[in-house]
Amino acid sequence: MKRLLPLFLFLISVSILAQNTAVNAGEKLIYTASYNMSGILNDIAEVTMETSAVKTSKATLLKLKCTAATYSNWDSFFKIRDLYESYVNPKTLTPYLYKRNINEGGYFKAMKYNYSHKTKTIKSVQTKSKNRIENKSFKFNSGSRDIVSALYKLRLIDYETMSLGSKKTITVIFDRKETKGQITYLGKETINTAIGKKECYKIAIGSTQTNVLKGTNSNFLWLTADGYKIPVYGKFKIPVGNGELKIKSVSGLKH
């Protein structure tokens, strides 16, 4: 169950220059996270994604905030209180500042990125348990981004023009490292959700070595096939188990 939110935001930064027509300030998406224990899916946590406008001395940014918290009856077993934030350009979702603060089963870690797109450098500050602080600068490539802005960027892709099985290269910065992978478009599928029956774009998320069309991938995401492209359902599989994320409620949409 560790790193529940990163599983949801797993490997999905796409190297495109699409303009934001889907996400605005004031949006709030709430999910139920389930984990498979002894063959039974248990609802263990709530994941919330919300946006807001933040004014600085130079511009107005869009704040993308993601939180994950175990339900109280699971806290004694493995308590999770995770917070991820990315401050981005509201038109392109290009990130300028990223913050991560996790508390999982008593393990604490905080990370902060300040992006310099001119020099392709990130100044990072990492804090672990017992207030151990480490400052480090590192280079990043164009199109690479943190996992929060990566997930929202996924909603800007024009899936209507993609053919079945087509792929896009992806790069995510996590723990100061760039990780490459890919998404594979699997066509449209209509599913039942807590917000009604939705026609969705189905995508697979994985590494460049997997061939999802031959069944070598187990991480999937369904996004509404409309102007919002809201992630409404996700399935993931990791070495220690598998789980699901299901939409619970939606408010404050752009249109």
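Asp75 and Arg81 form a salt bridge (a side-chain nitrogen of Lys or Arg within 4 Å of a carboxyl oxygen of Asp or Glu), in which the closest N and O atoms are 2.8 Å apart. Arg81 is partly exposed, because its relative accessibility of 34% falls between the limits for buried (under 20% relative accessible area) and exposed (over 50%), computed with a 1.4 Å probe on protein chains only. The model is predicted, so local features need pLDDT of at least 70 and side-chain atom pairs count only at pLDDT 80 or more, whereas totals for chains, interfaces and linings use all residues. Residues are numbered from 1 along each chain as its sequence is written, and side-chain values use heavy atoms, with hydrogens and water left out.

In total, the structure holds 10 salt bridges. Side chains of opposite charge can pair when their charged atoms come close. Strands (E, at least two residues) are DSSP runs numbered from the N terminus. Both Glu85 and Lys63 are buried.

A further salt bridge joins Glu189 to Lys202, with the closest N and O atoms 3.9 Å apart. Because Glu189 lies in strand E11 (residues 177–193) and Lys202 in strand E12 (residues 196–206), the pair ties together parts that are 13 residues apart in sequence. Glu189 counts as partly exposed, at 31% relative accessibility, while Lys202 is buried, with a relative accessible area of 17%. Arg100, Lys109 and Asp175 are linked in a network of salt bridges.

The largest nonpolar core has 61 residues, of which Leu154 and Tyr159 touch the most other members. A nonpolar core is a set of buried Ala, Val, Leu, Ile, Met, Phe, Trp, Tyr and Cys residues joined through side-chain atoms within 4.5 Å. When residues up to four places away in sequence are not counted, Tyr159 touches Leu154, Tyr185, Tyr201, Ile203, Leu223 and Lys229; contact here means heavy atoms within 4.5 Å.

Ser38 is found in the loop between strand E1 (28–37) and strand E2 (40–55). With a relative accessibility of 81%, Ser38 counts as exposed. The C-alpha atoms of Ser38 and Gly241 are 9.5 Å apart in space, although the two residues are 203 residues apart in sequence.

Key. Helices (H or I, at least four residues) and strands (E, at least two) are DSSP runs, numbered from the N terminus.
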